[in-house]
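Dear colleague,

Please find below the structure that I am handing over to you. The notes that follow it set out what was found.

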Amino acid sequence: MNKKKKKIPIFVDNCTAQGDIPRLSNIKVEYLPPNTTSKLQLLDQSIIRSFKVNYRKEVIQQFLRDMESRLPTNINVFDAMWVITKAWSKVTETKICNCFKKSGFTVTTQEENSDQPPTP
């Protein structure tokens, strides 16, 4: 029996900067309707906002520590990478799942599908 593989959808906006997307054998490219990106795009919902709040909080804390020590605040690229890592680690899985739900996507966990074997 010749079983046809189901293509996995990937959603992209209609931004012309994306350029031509190559033909992919296992992925179906779906375009978001025009003028809906801010409502549907997951990162625009609150993930980026949460990350930015965490990043700014870390930078301000560094600034305050330096002020107390009477040191100038100098954040180089290496420091910024550490702050970015720390800020991203504070964006919770729950926050990401809630963004999916808010955008209308259903989120199921392996536990909810325990009668089905895990997918590779």
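**Nonpolar surface patch**

Ile8, Ile10, Leu24 and Ile27 together make up a nonpolar patch on the surface, with about 330 Å² of accessible area. Patches are built from residues with over 30% relative accessible area and no salt bridge, where like charges are joined within 9 Å and nonpolar side chains (Val, Leu, Ile, Met, Phe, Trp, Tyr) within 5 Å. Accessible areas come from the Shrake-Rupley method with a 1.4 Å probe, and for residues only the protein chains shown count as cover. Ile27 is partly exposed, at a relative accessible area of 33%; buried means under 20% relative accessible area, exposed over 50%, and partly exposed in between (1.4 Å probe, protein chains only).

**Basis of the model**

This is a predicted model, in which local features need pLDDT of at least 70 and side-chain atom pairs count only at pLDDT 80 or more, while totals for chains, interfaces and linings use all residues. Residues are numbered from 1 along each chain as its sequence is written, and side-chain values use heavy atoms, with hydrogens and water left out.

**Overall architecture**

The protein chain contains 4 helices and 2 strands, where helices (H or I, at least four residues) and strands (E, at least two) are DSSP runs numbered from the N terminus. Along the sequence, the pattern is β-β-α-α-α-α. Of the 120 residues of the protein chain, 16% count as buried. The accessible surface of the protein chain comes to about 10,600 Å², and 57% of this belongs to carbon and sulfur atoms. Where contacts (heavy atoms within 4.5 Å) join residues at least 6 apart in sequence, 42% of them are between residues at least 24 apart.

**Salt bridges**

Side chains of opposite charge can pair when their charged atoms come close. The structure holds 3 salt bridges, each defined as a side-chain nitrogen of Lys or Arg within 4 Å of a carboxyl oxygen of Asp or Glu.

Lys28 pairs with Glu30, and their closest N and O atoms are 3.2 Å apart. Lys28 is partly exposed, with a relative accessible area of 45%, and Glu30 is also partly exposed, at 26%.

Which side chain does Glu58 meet in a salt bridge at 3.3 Å, N to O? The partner is Lys86. This pair links distant parts of the chain, with Glu58 in helix α2 and Lys86 in helix α3 (residues 77-89), 28 residues apart. Glu58 counts as buried, at 6% relative accessibility, whereas Lys86 counts as partly exposed, at 43%.

Glu58 also forms a salt bridge with Lys90 (2.7 Å, N to O). Here too distant parts of the chain are linked: Glu58 lies in helix α2 and Lys90 in the loop between α3 and α4 (93-102), 32 residues apart. Lys90 counts as partly exposed, at 37% relative accessibility. Through shared partners, the salt bridges join Glu58, Lys86 and Lys90 into one network.

**Aromatic pairs**

Rings of Phe, Tyr and Trp (its six-membered ring) pair if their centres lie within 6.5 Å; planes under 30 degrees apart count as stacked, over 60 as edge-to-face and the rest as tilted. By this rule there are 3 aromatic pairs. The pair of Phe51 and Tyr55 is tilted, because the ring centres are 6.3 Å apart and the planes are at 35°. Both residues lie in helix α2 (residues 42-68), 4 residues apart, which is about one turn of the helix. Phe51 is partly exposed, at a relative accessible area of 21%, and Tyr55 is partly exposed at 25%. Phe51, Tyr55 and Trp88 form one aromatic cluster.

**Cysteines**

How many disulfides does a search of the whole structure find? The search finds 0, a disulfide being a pair of cysteine sulfur atoms within 2.5 Å. The sulfur of Cys97 is 9.3 Å from the closest cysteine sulfur, in Cys99, and is therefore too far for a bond. Cys97 is partly exposed, with a relative accessible area of 23%, whereas Cys99 counts as buried, at 2% relative accessibility.

**Backbone at Arg70**

Arg70 has a positive phi of about 55° although it is not a glycine. Arg70 is located in the loop between α2 and α3 and counts as exposed, at 79% relative accessibility.

With kind regards
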